[in-house]
Amino acid sequence: MEVFLAQPRGFCAGVVRAIEIVERALQKYGPPVYVRHEIVHNKYVVESLKKKGAIFVEDLSEVPAKAVTVFSAHGVARSVEEEAEARDLPVLNATCPLVTKVHNQGKRYISRGRALILIGHAGHPEVEGTMGQVPGPVLLVQSVQDVAELRLPTDAPVAYITQTTLSVDDTRDIIAALQAKFTDIQGPDIRDICYATQNRQSAVRDLSKLVDVILVVGAANSSNSNRLREIGTEVGVASYLIADGSELNPDWLKDAKAVGITAGASAPEVLVDDVIEALRRIGPVSVSVVPGREENIEFRLPAELTAG
């Protein structure tokens, strides 16, 4: 069986930075280090950090006084930052710099008197954080239908921002609907949309031309991993989301001569290797990487972790 690996796949720069912040904090301050929400949406990553001494909580009230606290890559609402300040908690902010950029764009649009529209998924921690960072009302739209139902005058000054785990492709129709509805609308440059999300989706489209089945390595609660599986299905290739090799169903591969593997932005390469090993237990495989975009972006760590 031929196995083709998508390029790029797996960890993006924001995820690498977030995990490194927790690991360095554990080295510098010693365990435990408290992390609000899963640092990234991947059980393997979370469990491996737990073994090193990280404690994951959903609410800051679970963090003891003076304990080192890390905010996850998804970002947090201003109210969470204020609670940490009021309690004098030493905080390391692992919010992805691209998410912070969206927060700043939203604040800028609001300060200019524009009604703010956020394209994203209700309930996603990044969306909750963004809505809680912007000092004013934020209208969430998830579909073209939501745009049609917006109760704003067509000549109202509006602006939109997007959840970073949505790609240019994901948001294109919604942005077009907004631009058709409103006469005075602004939004970020298309280059501001998360490079990693777009690159991984483009790589899956390339992969789909070569294979009979696509396996997406990622967590069930990972927005970008679910979207990769959806894209494979949309282009007509049987596609499955699996956490690791243990979830591989041999029935999926019955008539497959070529299998494609990719991984969501929060899935480590070790899990891709685990899926390849599971395929090897079924029969002999040859593995090759599909040529794709190289990613060389690195984000700086907080100064507290790089000094000394």
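Author: Helices (H or I, at least four residues) and strands (E, at least two) are DSSP runs, numbered from the N terminus. In this predicted model, aspartate 88 lies in the loop between α3 and β5, the latter covering residues 91-93.

Reader: Why is aspartate 88 called exposed?

Author: The relative accessibility of aspartate 88 is 51%, and exposed requires a value over 50%, so aspartate 88 falls in that class. As for its backbone, aspartate 88 has a positive phi of about 60 degrees, although it is not a glycine.

Reader: How do you know that histidine 37 is buried?

Author: Histidine 37 has a relative accessible area of 15%, whereas the limit for buried is under 20%, and therefore histidine 37 counts as buried. This residue is found in the loop between β2 and α2 (43-52), and its phi, near 70 degrees, is a positive value in a residue other than glycine.

Reader: Which residues form the negative surface patch, and why is it called negative?

Author: The patch is formed by Glu58, Asp59, Glu62 and Glu83. Asp and Glu count as negative, and therefore a patch made of these residues is a negative one.

Reader: How many aromatic pairs does a search of the whole structure find, and what makes the pair of tyrosine 240 and tryptophan 252 stacked?

Author: The search of the whole structure finds one aromatic pair. It consists of tyrosine 240 and tryptophan 252, with 4.0 Å from centre to centre and 5 degrees between the planes. Since tyrosine 240 lies in strand β11 (residues 238-242) and tryptophan 252 in the loop between β11 and β12 (258-263), the pair ties together parts that are 12 residues apart in sequence.

Reader: Why is tyrosine 240 called partly exposed?

Author: Its relative accessible area is 24%, which falls between the 20% limit for buried and the 50% limit for exposed, so tyrosine 240 is partly exposed.

Reader: What is the omega of the cis peptide bond that joins glutamine 7 and proline 8?

Author: Omega of that bond is about 0 degrees, and proline 8 is found in the loop between β1 (2-5) and α1 (13-29). The peptide bond from proline 31 to proline 32 is also cis, with omega near -5 degrees, and proline 32 lies in the loop between α1 and β2 (33-36).

Note on methods
Residues numbered from 1 in each chain as written. Predicted model: local features only at pLDDT ≥ 70, side-chain atom pairs only at ≥ 80, totals over all residues. Heavy atoms only, no water. Phe/Tyr/Trp six-rings, centres within 6.5 Å; stacked < 30°, edge-to-face > 60°. Buried < 20%, exposed > 50% of the residue type's maximum accessible area, 1.4 Å probe, protein only. Patch = residues over 30% accessible without salt bridge, like charges linked within 9 Å, V, L, I, M, F, W, Y side chains within 5 Å. Areas by Shrake-Rupley, 256 points an atom, 1.4 Å probe, with all protein chains shown as cover. Salt bridge = Lys/Arg side-chain N within 4 Å of Asp/Glu carboxyl O. Charge placed at Lys NZ, Arg CZ, Asp CG, Glu CD.
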